[in-house]
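User: I would like to learn how to read a structural model feature by feature, with the general idea given before the particular case. Could we go through one together?

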Amino acid sequence: MFVDSDDYIDHKAVETLVNILKIKKYDVIRFNGILEPIKQLKNPYKKNFIEEEIDKYKIYELLIQTKVLNNLCFSIYNSKIIKNIKSFDEKISNCEDYLVNLEILTKVDKMLMIEDILYHYVINDKSTTKNNSLKVIKKNINEQLFVYKKLFDYLKKWNMDDKDNIVQV
């Protein structure tokens, strides 16, 4: 489980996730998070994904078509899946979670999405995504372009880049 230094997990998070894993093993369990202090759900799951075991192709669709899988924080990962991840790049500060998730979710066979709010995402007004300086905006755009280029590499790897398998975004 990844927890940013300014965020926190719900008091029932570990117990909830352990109880699920006692019943069935998943590579990833995704849960909801809430923005603090405004108490708004961040990228909430649509009802039709809740409490659903999701296969590899559906994972790829969600990763490409929605923001549901953009971050690392709203998940618990099997340690075997996240070992030897090569995508961690400390120079990237924008879309870095998405970049890492491309690699992680390529290794995932079974994922469960639950409705429980187990993560509290504290809004940081000093975040690079909130900075309006031209230098930071240019850096963020370049990082996003880098990550999108990586996405196209993964689309090829997943056989989702030809005209018969292309995912409509």
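This is a predicted model: local features need pLDDT of at least 70, side-chain atom pairs count only at pLDDT 80 or more; totals for chains, interfaces and linings use all residues.

User: How many helices and strands does the protein have, and how are they defined?

Analyst: Helices (H or I, at least four residues) and strands (E, at least two) are DSSP runs, numbered from the N terminus. The protein has 5 helices and 6 strands, and from the N terminus on they run β-α-β-β-β-α-β-α-α-β-α.

User: What does buried mean, and how much of the protein counts as buried?

Analyst: Buried means under 20% relative accessible area, exposed means over 50%, and partly exposed lies in between (1.4 Å probe, protein chains only). Of the 169 residues of the protein, 40% count as buried.

User: Which residues of the largest nonpolar core touch the most other members?

Analyst: In soluble globular proteins, nonpolar side chains tend to be buried together. A nonpolar core is a set of buried Ala, Val, Leu, Ile, Met, Phe, Trp, Tyr and Cys residues joined through side-chain atoms within 4.5 Å. The largest one here has 29 residues, of which Ile59, Leu69, Ile104, Leu105, Val108, Met111 and Trp158 touch the most other members. Helices α2, α4 and α5 and strand β6 (111-122) each supply at least two residues of this core, and the largest share, 6 residues, comes from α4. Apart from this core lies another, of 12 residues, among them Ala13, Leu17, Phe31 and Tyr119. As for Ile104, leaving aside its neighbours within four places in sequence, Ile104 is in contact with Leu72, Tyr77, Ile81, Ile82 and Ile85.

User: How should I read a helix such as α5, and which of its residues are buried?

Analyst: An α-helix has 3.6 residues a turn, so residues three or four places apart point the same way. Helix α5 (residues 134-157) has 24 residues, and at 1.5 Å a residue α5 should span 34 Å, which agrees with the 35 Å between its end C-alpha atoms; the expected span is 1.5 Å times one less than the number of residues. The buried residues of α5 are Val136, Asn140, Glu143, Val147, Leu151, Tyr154 and Leu155, and what covers them includes α2 (56-65) and α4 (96-106).

User: How many salt bridges are there, and which residues form them?

Analyst: A salt bridge is a side-chain nitrogen of Lys or Arg within 4 Å of a carboxyl oxygen of Asp or Glu, and by this rule the count comes to 4. One of them joins the side chains of Glu143 and Lys139 (2.3 Å, N to O); being 4 residues apart in helix α5, Glu143 and Lys139 are separated by about one helical turn. Glu143 is buried, at 8% relative accessible area, whereas Lys139 is partly exposed, at 35%. Another joins Lys56 and Asp109 (3.9 Å, N to O), and this pair links distant parts of the chain, with Lys56 in helix α2 and Asp109 in the loop between α4 and β6, 53 residues apart.

User: What surrounds Glu36, and is it buried or exposed?

Analyst: Glu36, in strand β2 (residues 28-36), is buried, with a relative accessible area of 6%. Lys39, which is exposed at 54%, forms a salt bridge with Glu36, the closest N and O atoms being 2.8 Å apart. Leaving aside neighbours within four places in sequence, Glu36 is in contact with Tyr8, His120, Tyr121, Val122 and Ile123.

Methods: Residues are numbered from 1 along each chain as its sequence is written. Side-chain values use heavy atoms; hydrogens and water are left out. Contact means heavy atoms within 4.5 Å.
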